[in-house]
Amino acid sequence: MDHTLPNLLSDSVTAAMNLSTRPATVVWLLLTTVTVASWLVGSHHGPPFISSRQAITFFVLFVAFLKVWLIFLYFMDVRSAPIALRAVCAVWTLAGAVSLVAVYLTASNS
Amino acid sequence: MLILGEASVFTLLFGCFLYSRAKAIDLFAQSEAELNSALGVTNTVLLLTSSWLVARAVTAVRQGYARASGLFGAAALCGVGFIGTKAAEYHELISNGFTAFTNPFFSFYFAITALHLLHVVIGLIILLALRTVSRRPFGNPRQLMLVESGGCYWHMVDLIWIILFPIFYLIA
């Protein structure tokens, strides 16, 4: 094994780089798994623990916006952004989810 | 702000769709059943993977690594895959007699997915540009900012699809 200084430095930087991309990789695996699982389990029958159409819609929207939040945090790196930007993204995500649920509820009950 | 603005426009369209869906739930549910959800989930995985590759590429650019160019190229390939899958899906639907004029569900479906597809094409051009410029190390922070902005545009394309896919394909 070659322990010269340039190789040790190169190995350290490579390790640091792998660490810095690992959260994004974990999130990618999680999002892909949840997407495929939700398609396999819920595309026709809905999650087994939810029976009503409205509840299924809310659940689907909740999961979708949770994924959006993870994309903000780990792909767009908002987690290391200034707090003002993090707040704007958080408010947008929450407002998006709430507004879609509100529209659907209003239309269903009118 | 541009990215949140674009995403907000799509959210407004999703709201209009959900409102119409609630008013004609049986028609919409029947129409949803005609969509090929396997192609839809394929596209979701392609965009998630491309977004992951872009995130890794931007990190590589920050650290001055040349492999950023390859990562942007791989992300662009995923984008091309998305366009191909979408074309196949449109072909299948149109061959089965479903167009934007069939009923309100398909009007929404074709309009919103076509608008998203336009953003995918724009994003693809941006990715190819990033692939070219990231072949050499960057000399100033402004160049890095442009790369990060381009990457964020692609993440927005992914983010919109993440909401679009379950609304059109999974709510039964």
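Student: Why does His116(B) count as buried?
Tutor: The relative accessibility of His116(B) is 0%. Buried means under 20% relative accessible area, exposed means over 50%, and partly exposed lies in between (1.4 Å probe, protein chains only). Since 0% is under 20%, His116(B) counts as buried.

Student: What kind of model is this?
Tutor: It is a predicted model: local features need pLDDT of at least 70, side-chain atom pairs count only at pLDDT 80 or more, and totals for chains, interfaces and linings use all residues. Residues are numbered from 1 along each chain as its sequence is written, chains are lettered from A and ligands numbered from 1 in the order in which they are written, and side-chain values use heavy atoms, with hydrogens and water left out.

Student: Which residues does His116(B) touch, not counting those up to four places away in sequence?
Tutor: His116(B) sits in helix 5 of chain B. The residues it touches are Phe10(B), Leu47(B), Phe82(B), Val157(B), Ile160(B), Trp161(B) and Leu164(B). Contact means heavy atoms within 4.5 Å.

Student: How do you know how helix 1 of chain B runs relative to helix 5 of chain B?
Tutor: Take the angle. Helix 1 (residues 2-23) and helix 5 (residues 104-133) of chain B cross at roughly 170°, and their axes come within 10 Å. Angles under 35 degrees count as roughly parallel, over 145 as roughly antiparallel, 65 to 115 as roughly perpendicular and the rest as oblique. The crossing angle is over 145, so helix 1 of chain B is roughly antiparallel to helix 5 of chain B. The axes are lines fitted to C-alpha atoms over the stretch in contact, and angles run from 0 to 180 degrees between N-to-C directions.

Student: What makes up the contact of helix 1 of chain B with helix 5 of chain B?
Tutor: Helix 1 of chain B brings Glu6(B), Phe10(B), Leu13(B), Phe14(B), Cys16(B), Phe17(B) and Ser20(B). Helix 5 of chain B brings Phe105(B), Phe108(B), Ile112(B), Leu115(B), His116(B) and His119(B). By class, that contact has nine nonpolar, three polar and one charged residues. Ala, Val, Leu, Ile, Met, Phe, Trp, Tyr, Cys and Pro count as nonpolar, Asp, Glu, Lys and Arg as charged, and the others, Gly among them, as polar. Glu6(B) is in the contact, and Glu counts as charged.

Student: Where do the two chains pack helix against helix, and how do you know the direction?
Tutor: Helix 2 (residues 53-75) of chain A packs on helix 6 (residues 141-170) of chain B at about 170°, with the axes 9 Å apart. That angle makes helix 2 of chain A roughly antiparallel to helix 6 of chain B. From helix 2 of chain A come Val60(A), Leu61(A), Ala64(A), Phe65(A), Lys67(A), Val68(A), Ile71(A), Phe72(A) and Phe75(A). From helix 6 of chain B come His155(B), Asp158(B), Leu159(B), Ile162(B), Ile163(B), Pro166(B) and Ile167(B). The classes are 13 nonpolar, one polar and two charged.

Student: What makes Thr35(A) buried?
Tutor: Its relative accessible area is 0%, so Thr35(A) is buried. Thr35(A) lies in helix 1 (residues 5-42) of chain A. Leaving aside neighbours within four places in sequence, Thr35(A) is in contact with Lys67(A), Val41(B), Thr44(B), Leu48(B) and Phe165(B).

Student: How do you know whether Gln54(A) is buried, exposed or partly exposed?
Tutor: Gln54(A) has 27% relative accessibility, so it counts as partly exposed. Gln54(A) is in helix 2 of chain A. Not counting residues up to four places away, Gln54(A) touches Tyr104(A), Leu105(A), Ser108(A) and Asn109(A). Gln54(A) and Leu105(A) are 51 residues apart along the chain, with their C-alpha atoms separated by 7.9 Å.

Student: How many helices and strands does chain A have?
Tutor: Chain A has three helices and zero strands. Chain B has six helices and zero strands. Helices (H or I, at least four residues) and strands (E, at least two) are DSSP runs, numbered from the N terminus.
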